[in-house]
Structure formats: C-alpha cells, structure tokens
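Here is a short briefing on one protein model.

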Amino acid sequence: VHLGLLPISVTFGITAGFLFGFYYQETVARYRGASAVGLVSSLGSAVCALASIPLSVLSRRVGKGPVVALGSACFGLIGALYLLLGNGPVLGSWGGVVALNALMGLGRAVWENTNKACHADLVDPAELPAAFAHMYMVTGGTTFLSLFVFPSFPLWIMALSIVLSAALMGPGYYRAKHHAAASRRASAHEVFSASRDQATVGTRSSGCSVMGCFKDNSPGGSKPTSRTEMLRGCIDEGGAEAAAGSYGAVLVL
C-alpha cells in the first residue's frame, strides 16, 4: 500500500530540492534581491499552515482522492510554469514568486496532512511504523539528492521531473486504496473461515453430531423444536463447550 503513496513523497522531495537548490537563488535572489529570500520562503510555510484545516474539512467532505489531486496540480504547476515561461522576469516578479510559494505551500499541506492521513487509513496497523519511516526516508532522500543533482541538469529536466512525478500522485493513491480494500476483504474472509472451522470442530468434539446430540437429549427421543432445547440437550451430553460449538454451527448452517 505505501508504495502506491510513494509518488506523493517523491514529488514533495523533488520540488523542495528544486526550490532550495535553484529557485531561491536563481529566481528570487536574482530578480528580487537576496534580502527577499527570507520573506518569500516564509510565505510557503504560512500558506501550508493556513491551508491545513480547510484541506482537512475538504477531505472529509469529498474524500482524500480529490485533495491528493489538488496537491498534484500544485506541484505539477510549478514545473509546468518553468517549462512554459523559463527562468525569467515573469516568474521573478513579485506576483510570480508569491504564486510559486503559494503553490508550494498548498502542495506541502497535502503532504503534511492528507498524505499522512492516507497512510493511517490504508496501511495495515502492524506495518504503519515502517510505512512512516519509509515515507520520511524517501522525502528526505529525494530532497537531499535533488540539492546535489539538479544543479548539473538543465532547467527543463528539473521542471519535467516535477511534472512527471506529480502526475503519478493521483493514480498511486487510488492504487493504494484499491490494494487496501482488497487486503481487508481477504482478511475478513479468513476470519470468517476460521470462525466457521472452529465452530465445526467444537461441535464434533462434543462426541455427537449436532442433530444427533439434539435428538438423543430431547424428551422422548424426538427432535427439539427450539434452539434453547437444542443447547440444553448438548450441555447435558457434552458440556458447555460442546453447546458453544453447536451454537456456532447452527449459526453457520
């Protein structure tokens, strides 16, 4: 399941690496001045904090899939704008840098909140600690690698990598959701089968078949006509354990 959610962490890590390794220096500092980097970088964190509660409300109303798609669009649009406009005065304007950081803040809010809620909902509880560790490892690893690898690549490769990874976020989430649903159905079937088998074994261990036990212990040797009489007959013959097994068998049959 957590592999289906992997594109969310990869996309956030790549985009964060792009912002820290290229955007703040080559776009913000070049066109707005080095003194603007601190102010501009704080905008993304502010948007992330302000968007967290509205995104949680939206997730409860429409589901997590559309919210993941929103985060995918925000990350992908950052790369698409650089592919279309390049690193020029348009994206270097105040409107451009504010818009890019707002997109990053919304995408980060999806990663910080919806993504972690998806892990909690879809991943098996026994595997959840490993899934969260894997999520942070992937995010940190991709951010770290992007900081060192991206400077040696042309801008269009950096931007295209963001767009492609963002495009996988939605399909990855629905794949994880489908896999989790299939796993839960399989687990429920195993539990039902085990309960049915246990009831059958408990009935047989009483020393008589269900119907035989009921017949032999009924008044005059006739078949009991109520479930209470059936259980009373089995308690007389094989004890409470047999009655419990017989009752389970009656429910199954």
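Helices α5 and α6 cross in a right-handed sense. The model behind this briefing is predicted.

Helix packing
- Two packed helices are described by the angle between their axes and the distance between the axes.
- For α5 (residues 94-122) and α6 (residues 128-149), the angle is about 145°. Their axes lie 10 Å apart.
- On the α5 side, the contact uses W111, N115, K116, H119 and A120.
- On the α6 side, L128, A131, F132, M135, Y136 and T139 take part.
- Sorted by class, the α5–α6 contact has 7 nonpolar, 3 polar and 1 charged residues.

Salt bridges
- Side chains of opposite charge can pair when their charged atoms come close.
- The structure contains 4 salt bridges.
- One of them joins D121 and K64, with the closest N and O atoms 2.7 Å apart.
- D121 belongs to α5 and K64 to α3 (residues 64-85), so this pair ties together parts 57 residues apart in sequence.

Terms used:
Residues numbered from 1 in each chain as written. Predicted model: local features only at pLDDT ≥ 70, side-chain atom pairs only at ≥ 80, totals over all residues. Heavy atoms only, no water. Axes fitted to C-alpha atoms, helices over the stretch in contact; angles between N-to-C directions. Helix = DSSP H or I, 4+ residues; strand = E, 2+ residues; numbered from the N terminus. Left-handed = near helix turned anticlockwise from the far one by under 90°. Contact = heavy atoms within 4.5 Å. Nonpolar A, V, L, I, M, F, W, Y, C, P; charged D, E, K, R; others polar. Salt bridge = Lys/Arg side-chain N within 4 Å of Asp/Glu carboxyl O.
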